[in-house]
Amino acid sequence: MSRRGWVWALVLLGVGGCSLLPKDLARRLNKSVPVSTNVNALGADAAKLAEQQKKCERFRKLQVAYEEEEALGGTVALNWVGEGGGLFIDPPKDPSPLRRGEKEAQLPATPRNGLHTYLNQVGRNLGFQSPRPAIKWTFGVLESPNVGAISAPGGYVLLTRGLLQRIRNEAQLAGVLAHEIAHVVHRDHLESYKEAKVTSCQAAFGAQLVSQGAKSLAKTSIPLGDVGKLPGVKDAFSAALGSDSGNLSLAGAESVELLTKLTELVIDKLRSTPLSQDQETAADKLAVDLMLSAGYDPREFIAFLKTLPGEGGFLAHHPSHAQRVSTLEAHLRSKKAAPGEFSEGELTPAHQVVPLTDELVAIK
Amino acid sequence: MRPRIVAMVAMVAMVAVAGAAWAVKPGGELYVKARNTKVFKSASLTAPVVEILQPGEKVIWHGPDAKKRELHRVEFKGVKGFVFQTALSTQPPKAELLSARGSTPVDPADFVSSGAATKGLTESAVAYGKKQKMETSVDQVLTLEALAERVGPEAVAEHVKKARLFPVVGTERSGAVAGGGR
């Protein structure tokens, strides 16, 4: 199995390919790009350069604008789709209208596309009542037979066919989708992007890469040290540093080189280290809250977690299945509000399991 | 007191304060969390709709209806009515930033009207896909986005009705909410 294939298989072992994110990324990157290592070499301009590099640190604290998140999310999603064996979907024979941005283009009415419509009905219902109700939620099925789910910034949530084949009812499906929605809501993936942005910004302004961590970061198609040579990159970072929002313009085709570099850094990080246990637990809890809100029985999600493949290896970074189940059962019990106080939702007999639809039965 | 004990006491106190801050009693304020939240004239999902609210809007909460506990009495800018319980939250939605608006967060309603949430794969992402020889993935994702975008609040409400889930996300039209799981 290729390195990429191996990593993907690991990712898919648990609900939460989301678990790819590095918890030590910040530490590694902070060490990797000293901001004033080349002061002597740069003579009179050194202080100005060092100041510019220091300013790049600001990106770590600023919220990422949606347009920026969307551009990155698209490229990350493309990578997940490629590594997941493609989407289980039927594009039109002539995709040129879609490529031109004609969203009303005719799409084939096939069972695969019907499955995606259904998946988006379930997923968007959850997304529209999540703490990020207005973003563009997009739910897809990957061809991969492995068991897994993964999300990307901007609202992309992808499940594998292998996972769908284990789903027993719509409540379980909703639980898995809600867990991934939670990672997007919490902007977990964007932490690694912020670090990549700081690093690239510093590299663009001439920081030397001295540590081992930095050298490994530079093993992408565009070495970090060359970021400053990419067309328009210095201007893009200068504009971002000069604005209140710190937004980096990534949407236009002219930004493709910079977007490529940032995507490579982010993907590399997403592959190398999982999310923290705290992030996974927070996603599990929000998943239960979303299920309660929408009217699904969250005990089905808990039951589904018990059916996941074994722990250990890459999953050693996750809470154990038993711990996840125990945490969620306690969370569910805690949802009962005090008399006279508002309750956002607690388990009632009205919460549904919902049988599998024909679209899902057909995939099994 | 040892430092560790002091820290633990401080943490317990903070949790208690936070808990108290989230506990809302009648007369307190809640946030609308779901898109197109309908305010009904009376405690019935088939009653006339007097207002449609969007995420982030604040209402005054007056408690659940005595008989239909899932419908809660609210007041919005002087308009009184009933809202489905789980369309409300003690916490506001997450703020979104749009580059065109600088560092000022936009509320979800403004965000929707900005059109930012309908673009999908950006020009740069499509160019990235070509450069990385991912044309097939690009076409698949474009197809997926087109399919997903056709699943708006109306299609969601239709599915909710069929599955007997809670009618939290409303349709964009006024009128009674389709569905009703209880």
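Analyst: **One arginine and its surroundings**

Arg271(A) is buried, with 11% relative accessible area; buried means under 20%, exposed over 50%, and partly exposed in between, using a 1.4 Å probe and protein chains only. Before going further, please note that this is a predicted model, where local features need pLDDT of at least 70 and side-chain atom pairs count only at pLDDT 80 or more, while totals for chains, interfaces and linings use all residues. Residues are numbered from 1 along each chain as its sequence is written, chains are lettered from A and ligands numbered from 1 in written order, and side-chain values rest on heavy atoms, without hydrogens and water.

The partner of Arg271(A) is Glu83(A): the two form a salt bridge with the closest N and O atoms 2.2 Å apart. Here a salt bridge is a side-chain nitrogen of Lys or Arg within 4 Å of a carboxyl oxygen of Asp or Glu. The pair joins distant parts of the chain, since Arg271(A) sits in helix α13 of chain A and Glu83(A) in helix α5 of chain A, 188 residues apart. Helices are DSSP runs of H or I with at least four residues, strands are E runs with at least two, and both are numbered from the N terminus. Glu83(A) is buried too, with a relative accessible area of 15%.

Glu143(A) and Arg112(A) form a salt bridge whose closest N and O atoms are 3.4 Å apart. This pair also links distant parts of the chain, from the loop between β1 and β2 (149-152) of chain A to helix α7 of chain A, 31 residues apart. Glu143(A) is partly exposed, at 25% relative accessible area, and Arg112(A) is partly exposed at 28%. In the other pair, Arg60(A) meets Glu57(A) with the closest N and O atoms 2.7 Å apart; Glu57(A) counts as partly exposed because its relative accessibility is 28%. Over all chains, the search finds 20 salt bridges.

After α3(B) comes Lys133(B), with a positive phi near 55°.

Taking the interface as a whole, 81 residues of chain A contact 75 residues of chain B, contact meaning heavy atoms within 4.5 Å. About 6,600 Å² is buried between the chains, 62% of it from carbon and sulfur atoms; this is the accessible area (1.4 Å probe) that the two parts lose on being put together, summed over both. In chain A, Leu78(A), Phe128(A) and Phe342(A) lose the most area to chain B, together 12% of what that side buries.

There are 6 salt bridges between chain A and chain B. In one salt bridge, Arg99(A) pairs with Asp139(B), with the closest N and O atoms 2.6 Å apart. Elements of chain A that each supply at least two residues to the side touching chain B include α5, α7 (111-127), α9 (170-185) and α13. The largest share of that side, 10 residues, comes from α5(A), the helix that holds Glu83(A). Finally, Glu69(A), Arg132(A), Arg187(A) and Glu96(B) are linked in a network of salt bridges.
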